[in-house]
Amino acid sequence: MSDIKTDLGNLREEYMSRPLSRADLDPDPVVQFNTWFAEAREAGEPDVNAMCLSTVAASGQPSARTVLLKYFDDLGFVFYTNYGSRKAREIEAQPRVALLFHWTSVHRQVCITGQASRIPAGQSLKYFMSRPHGSQLGAWVSEQSQVIASRAVLEHALDDIKSRFSEGKVPLPSFWGGYRVVPETIEFWQGRRNRLHDRLQYRRDDGGWLIERLSP
């Protein structure tokens with residue numbers, strides 16, 4: 001057993017951000033998200049579109065990983081993945097998921113819950129063709145989440161794919177595409193002093209959005 005014992009009790013940062021009030025919020029949570037996203041980007045937040053995606057296996061075991069938001073609109077939040085990956089298998093069995101954006105530079109989080117479903121193949125194709133050539137090849141190479149013997153397996157597979165698609169465009173793999181998360185709740189979290197954070201949540205209600213303040 002390891003002898004490492006690390007006490008992080010004194011590791012903390014005091015949040016001195018401005019208040020977040022109900023009056024600050026747009027009635028539309030997607031408009032509000034767009035505002036916060038732009039402000040985090042302007043503040044220099046690295047990987048501003050990185051989000052933690054949480055899914056649940058049939059056994060009840062949750063899992064989480066960072067994925068990249070590639071599109072959002074009134075219909076929801078879109079990311080792309082291999083349809084054979086663990087996340088995709090879990091979404092197909094249980095489409096309820098959670099997303100978390102953590103923007104440390106502005107002391108903000110956005111927490112989203114909702115249901116995920118595949119987007120049309122035509123939309124996935126449009127995005128896939130905009131990806132760098134290396135990323136297109138990588139999508140063909142990786143049997144995402146599967147156990148492999150070594151890094152060399154990937155390198156050899158990449159060489160094979162490069163030869164296979166040495167001429168012309170790289171086609172969209174049938175096993176790769178996007179998911180859209182249609183939100184049911186969207187919480188905007190603003191760090192505040194003394195850990196009394198401001199938390200305001202949009203919740204779907206009779207076709208509209210109800211805004212509620214949550215205790216920190």
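Okay, hi everyone. Residues are numbered from 1 along each chain as its sequence is written, and side-chain values use heavy atoms, with hydrogens and water left out. The model is predicted, so to speak of a local feature we need pLDDT of at least 70, side-chain atom pairs count only at pLDDT 80 or more, and totals for chains, interfaces and linings use all residues.

Let's begin with strand β7. How many of the residues of β7 are buried? Buried means under 20% relative accessible area, exposed means over 50%, and partly exposed is in between, using a 1.4 Å probe and protein chains only. For β7 the count is 13 of 15, so the strand is mostly covered.

Now, which strands pair with β7? Two strands pair if DSSP finds at least two bridges between them. Strand β6, residues 108-118, runs antiparallel to β7 and is joined to it by eleven bridges. If you want a spot to look at, find G114, which stands opposite P183 in β7. β4 also pairs with β7 in the antiparallel sense, over six bridges, and there T81 stands opposite G177.

β7 pairs with strand β8 too, residues 198-205, again antiparallel and over six bridges. Here W189 has R199 in β8 as its bridge partner, and Q190 has D198. Moving along, β8 pairs with strand β9, residues 208-214, in the antiparallel sense over seven bridges. Y202 finds its bridge partner I211 in β9. The hairpin of β8 and β9 has two residues between the strands, and D206 takes a positive phi near 50° there.

Next up, the helices. Two packed helices are described by the angle between their axes and the distance between the axes. For α4 and α5, that angle is about 115° and the axes are 9 Å apart. The axes are lines fitted to C-alpha atoms, for helices over the stretch in contact, and angles run from 0 to 180 degrees between N-to-C directions. α4 passes α5 in a right-handed crossing; a crossing is left-handed if the near helix is turned anticlockwise from the far one by less than a right angle, and right-handed if clockwise.

Which residues meet there? On the α4 side we have L137, W140 and V141, and on the α5 side L154, A157, L158, I161, K162 and R164. Contact, by the way, means heavy atoms within 4.5 Å. The buried residues of α4 are Q136, L137, A139, W140 and V141, and their cover includes β4, α3, α5 and β7.

Now for rings. Rings of Phe, Tyr and Trp (its six-membered ring) pair if their centres lie within 6.5 Å; planes under 30 degrees apart are stacked, over 60 edge-to-face, and the rest tilted. By this rule there are 20 aromatic pairs. Take F33 and F72: their centres are 5.0 Å apart and their planes sit at 85°, so this pair is edge-to-face. It brings together F33 in helix α1 and F72 in strand β3, which are 39 residues apart. F33 is at 0% relative accessibility, so we call it buried.

W140, from our α4 story, has a ring pair as well. Its ring centre is 5.7 Å from that of F175 and the planes are at 85°, so that pair is edge-to-face. W140 is in helix α4 and F175 in the loop between α5 and β7, 35 residues apart. W140 counts as buried because its relative accessible area is 18%, while F175, at 29%, counts as partly exposed. There's also a cluster of ring pairs linking F33, F37, F72, F77, F101 and W103.

One more residue: N49, in the loop between α1 and β1. Buried or exposed? Its relative accessibility is 18%, so it counts as buried. Leaving aside neighbours within four places in sequence, N49 is in contact with F37, V67, L68, L69, K70 and F101.

That's my tour, thanks!

Terms used
Helices (H or I, at least four residues) and strands (E, at least two) are DSSP runs, numbered from the N terminus.
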